[in-house]
Amino acid sequence: MDLTYRPRRLRRTSALREMVRENSLSPADFIYPLFVHQGSEEEEIGAMPGAKRWSVANIMREVERAWGLGIRCVVLFPKVSEDLKSEDGAECFNENGLIPKAISLIKNELPEMMIMTDVALDPYSCDGHDGIVSNEGIVLNDETIDQLCRQAVVQAQAGADLIGPSDMMDGRVGAIREALDDEGFQHVGIISYTAKYASAYYGPFREALDSAPRQDSGKIIPKDKSTYQMDPANSREAITEAQLDEQEGADILMVKPGLAYLDIIYRLREESELPIAAYNVSGEYAMVKAAAQRGWIDERSVVLETLLSFKRAGADLILTYHSCDAAGWLGDLKS
Ligand code: PBG
């Protein structure tokens with residue numbers, strides 16, 4: 001054939017492919033989520049093989065391992081014991097709570113490791129919602145924000161570097177920015193869960209923390225989070241959320257979940273100059289693990305391809321439970 005263009009020319013050898021490769025992964029792209037619990041030993045999590053609930057005493061082992069693999073940031077989630085949960089989630093701003101304790105320990109032992117936190121009431125709420133639920137079954141916006149601001153300040157006091165509001169209340173980024181500034185934490189950043197969808201992919205995470213919405217008190221409790229998390233059918237709305245978060249002072253914008261929302265990552269990348277993060281959530285992790293355990297897919301190739309797809313869509317950072325495995329595989333590829 002008399003072809004002028006033969007794109008296969010640049011795919012002919014591995015060296016050529018490396019030369020024209022448009023995107024790449026590095027361990028510094030990853031933010032590694034870690035679960036913390038009260039117990040003294042680590043515990044397996046049923047639907048998240050390979051992920052564990054760490055004790056405060058042992059968490060440094062995993063943090064050191066991650067640092068050694070080139071990972072530069074962890075995000076911490078608490079499994080709070082039932083007796084500490086309440087309707088207003090006040091345990092979230094207990095200075096001696098699990099998260100402040102874990103933060104100060106890590107900052108003490110390995111100050112270079114960046115620590116991101118999650119700001120929302122669900123792990124601390126007996127109703128399993130990110131905000132306070134009224135007697136009428138409404139998730140209250142402004143009352144919740146007061147709690148979130150106190151939570152953010154306590155996390156910053158303990159040494160957190162990046163505060164991550166995941167609650168989807170209106171106006172929370174601005175309120176948290178102001179609360180942090182008032183307390184002298186101008187240097188602490190906000191990585192906002194900007195476009196967080198009401199997704200079924202969070203199932204395994206809610207199992208890990210035992211934090212799913214539930215009927216516990218006498219009130220009517222909404223069964224899902226769709227009055228505050230976004231409708232999976234919407235994309236323009238994500239732009240509105242991004243504009244608001246920018247105006248309110250967010251430093252990094254996040255899209256969550258990741259894989260089913262690559263179009264949203266792409267749109268935010270086009271819309272904003274801020275760094276964009278993608279959250280490769282627990283359900284995405286569980287599906288890969290389950291298929292890999294049955295020998296139906298090659299875990300390493302599928303994970304690296306998936307993580308690369310977030311970069312290609314426009315993400316700078318990826319929150320992923322695969323962080324350590326992926327960082328290890330990237331190291332193997334180099335050597
Ligand atoms: C809490 C929170 C959730 C996740 C991160 N922060 C669960 C939820 O909103 O119900 C999910 C993370 C994952 O599934 O990996 N607000």
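1. Lys225 and the ligand. In this predicted model, a polar side-chain atom of Lys225 lies 2.7 Å from an oxygen atom of the ligand.

2. The side chain of Tyr321 has an N or O atom 2.6 Å from an oxygen atom of the ligand. With Lys256, the ligand atom is a nitrogen. An N or O atom of the Lys256 side chain sits 3.4 Å from that nitrogen.

3. The ligand's surroundings. In total, 18 residues surround the ligand. Lys225, Lys256 and Tyr321 are among the closest, and so are Lys196 and Ser282.

4. Helices H4 and H5. H4 covers residues 141–158, and H5 covers residues 172–182. Their axes come within 9 Å and cross at roughly 45°. H4 and H5 are therefore oblique to each other. The crossing is right-handed.

5. What H4 and H5 bring to their contact. From H4 come Ile145, Leu148, Cys149, Ala152, Val153 and Ala156. They meet Arg172, Ala175, Ile176, Ala179 and Leu180 of H5. By class, this contact has 10 nonpolar residues, one charged residue and no polar ones.

6. Helices H7 and H8. H7 spans residues 236–248, and H8 spans residues 262–271. They pack at an angle of about 45°, with axes 10 Å apart. H7 and H8 are therefore oblique to each other. Their crossing is right-handed.

7. What H7 and H8 bring to their contact. Arg236, Ala238, Ile239, Ala242 and Gln243 in H7 face partners in H8. Those partners are Ile264, Arg267, Leu268 and Glu271. The contact divides into five nonpolar, one polar and three charged residues.

Methods
Residues are numbered from 1 along each chain as its sequence is written. This is a predicted model: local features need pLDDT of at least 70, side-chain atom pairs count only at pLDDT 80 or more; totals for chains, interfaces and linings use all residues. Side-chain values use heavy atoms; hydrogens and water are left out. Axes are lines fitted to C-alpha atoms, for helices over the stretch in contact, and angles run from 0 to 180 degrees between N-to-C directions. Helices (H or I, at least four residues) and strands (E, at least two) are DSSP runs, numbered from the N terminus. Angles under 35 degrees count as roughly parallel, over 145 as roughly antiparallel, 65 to 115 as roughly perpendicular and the rest as oblique. A crossing is left-handed if the near helix is turned anticlockwise from the far one by less than a right angle, and right-handed if clockwise. Contact means heavy atoms within 4.5 Å. Ala, Val, Leu, Ile, Met, Phe, Trp, Tyr, Cys and Pro count as nonpolar, Asp, Glu, Lys and Arg as charged, and the others, Gly among them, as polar. A residue is near a molecule or strand if one of its heavy atoms lies within 4 Å of it. A polar contact is a pair of N or O atoms within 3.5 Å; within protein, one must be able to donate a hydrogen and the other to accept it, and residues adjacent in sequence count only if both atoms are side-chain atoms.
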